[in-house]
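I opened my notebook to look up a few places in this fold. My notes follow in short entries.

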Amino acid sequence: MSDYTQMWSDLGLDLAGHDALLSVLGGAYQDIFLSQKNRPEGMEYFDFVMSEVHGLRIKELMEARDQGRIVVGSYCVFVPEELVLAVDGISVGLCAGAEFNFEGAEEVVPRNLCPLIKSAFGFKRGLVCPYLEASDIVVGENTCDGKKKSYEILAPMVNDLYVVDLPQMKSDSGKKLLREEYRAFMAKLEDKSARQITLDSLKKGIAVTNAKRQAVKRLAELRKADPAPISGLDALLVNQIFFYDDPVRFTASVNALCDELEERVKKGEGVFPKGTPRLVISGCPMAVPNWKVPFIVESSGAVIVGEESCVGERGTRWLTAGDGTSVEELLDAITERYFNIDCAVFTPNPSRLQHIEEMFGSYNARGIVHYSLQFCHPYIVESGPVENDLEGSGIPVLRLETDYSQEDTGQIKTRVEAFLERIHKE
Ligand code: BJ8
């Protein structure tokens, strides 16, 4: 029995299901991450975080709650961590990246629903996500239809579900709506935590969140080197851990990793040989432990050098201006920052295409893998025009649509290999 069994039991987790989940997760991690060659030593910290993802980190959350701090769980990068930190709260991304208990999920939501949403319900109904069970507030958002309707079903199952309304167009009225919603969310956080957001506390929240983003931006910059100093899988893992580690410790660990990678770049060392085909992946976010496509790509002779994704640059590209002189000015800055996010739920959404093109150029990529989760209408519908525009500019695109199962692994591998052959010929 693990040291944490009592804690999991206190959280109301299903111990047998949870055990089974951890064993599958551990096995996949071993096969996918620990079998990689020439990994940077700095990844040891992230391996440790993953080994304690349901252990030490949850213990920290429980201790923080005992000290009167609140835990705020969410499923989307539109939930501002700055505001959560400003009430001394802890922001965590919630489990939604694995095909766990889909039978249980399909009893309450339709079968033909995006796997990310079904996964959230699978975890909830199987009682295996300690982050969800430890959350004092679960924040939903009005993004895609699947999520927004599913929150109505999730509401009675969780502690305190709070939904943030979001604009669907980048208009002046859309920005005004976002600001009003963030104002209301701020009041919700103040009420729940019994703490007031002050100029100082919000400035601090912005500084901590920006530092975290700056560290992953530094990592992204280092991936522009050829040979790539770190695999796409490891870089994705760092971007995934971004959502649930302690932010200050995470920032220090990413910067330590970057120091090491800088040395590698100076010496011309990499994880794959110089000249390995470089790909950017673009589309739906990949939550832990969704590593299927990057693993297939990197075990087929290519390296992923960037993610145009919410678990990647779409989520971290923008910083929040922290020089406002009042809470209201800082709230304006937060609104400005988040209003940039070019999620496919916006219509039209031209900046996403621009960012894919920019990333293709700046990472010296040879192609784009467009990644859509099955039944994710915003990204699937957008993928057609994105492919046409990119191919029209001479950028090779591989359009993939998949779920969380392993059934199509062989088929995806065949398509990736054919894509790489095409790239080699061009
Ligand atoms: S800002 S990408 S994190 S909504 S994959 S649930 S869109 S059907 S996750 Fe997302 Fe926020 Fe947008 Fe980013 Fe719906 Fe698509 Fe499923 Fe999705």
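I count two residues as in contact when heavy atoms are within 4.5 Å. The model I am reading is predicted.

**Entry: Lys 188**

I looked up Lys 188 and found it in helix α10, residues 172-193. Is Lys 188 buried or exposed? Its relative accessible area is 18%. Buried means under 20%, so Lys 188 is buried. I then listed what Lys 188 touches, leaving out residues up to four places away in sequence. The list holds Ile 137, Asp 160 and Tyr 162.

**Entry: the cores**

I turned to the nonpolar cores next. How many residues does the largest nonpolar core have? I noted 127 residues. Leu 83, Tyr 131, Phe 185 and Trp 291 have the most contacts inside this core. I picked Leu 83 and set aside its neighbours within four places in sequence.

**Entry: α3 against α12**

I compared two helices, α3 (residues 43-51) and α12 (residues 232-241). At what angle do α3 and α12 pack? I read about 55°, with the axes 11 Å apart. The two helices are therefore oblique to each other. I noted the crossing of α3 past α12 as left-handed. On the α3 side, I wrote down Met 43, Phe 46, Val 49 and Met 50. They meet Asp 234, Leu 237, Val 238 and Ile 241 of α12. I sorted the residues of this contact into seven nonpolar, no polar and one charged.

**Entry: Val 271**

I went to the loop between α13 (247-267) and β5 (278-283), where Val 271 lies. Val 271 is buried, at 16% relative accessible area. What does Val 271 touch, not counting residues up to four places away in sequence? I listed Lys 37, Asn 38, Ala 228, Pro 229, Ile 230, Ser 231 and Arg 264. I also checked Val 271 against Gly 122, 149 residues apart along the chain. Their C-alpha atoms are separated by 36 Å.

**Entry: cis peptide bonds**

I looked at the bond from Asp 226 to Pro 227 and found it cis, with omega near 5°. Pro 227 sits in the loop between α11 (199-222) and α12. I noted another cis peptide bond, which joins Val 288 and Pro 289. Omega is about 0° there. I placed Pro 289 in the loop between β5 and α14 (292-298).

**Entry: positive phi**

I read phi of Leu 127 as near 55°, a positive value in a residue other than glycine. Leu 127 is in the loop between α7 (115-126) and α8 (130-133). I marked Leu 127 as partly exposed, at 30% relative accessible area. I then read phi of Asn 364, near 55° and positive in a residue other than glycine. Where does Asn 364 lie? I found Asn 364 in the loop between α17 (350-362) and β7 (367-373). Asn 364 counts as exposed, at 55% relative accessibility.

Definitions and conventions:
Residues are numbered from 1 along each chain as its sequence is written. This is a predicted model: local features need pLDDT of at least 70, side-chain atom pairs count only at pLDDT 80 or more; totals for chains, interfaces and linings use all residues. Side-chain values use heavy atoms; hydrogens and water are left out. A nonpolar core is a set of buried Ala, Val, Leu, Ile, Met, Phe, Trp, Tyr and Cys residues joined through side-chain atoms within 4.5 Å. Buried means under 20% relative accessible area, exposed over 50%, partly exposed in between (1.4 Å probe, protein chains only). Axes are lines fitted to C-alpha atoms, for helices over the stretch in contact, and angles run from 0 to 180 degrees between N-to-C directions. Helices (H or I, at least four residues) and strands (E, at least two) are DSSP runs, numbered from the N terminus. Angles under 35 degrees count as roughly parallel, over 145 as roughly antiparallel, 65 to 115 as roughly perpendicular and the rest as oblique. A crossing is left-handed if the near helix is turned anticlockwise from the far one by less than a right angle, and right-handed if clockwise. Ala, Val, Leu, Ile, Met, Phe, Trp, Tyr, Cys and Pro count as nonpolar, Asp, Glu, Lys and Arg as charged, and the others, Gly among them, as polar.
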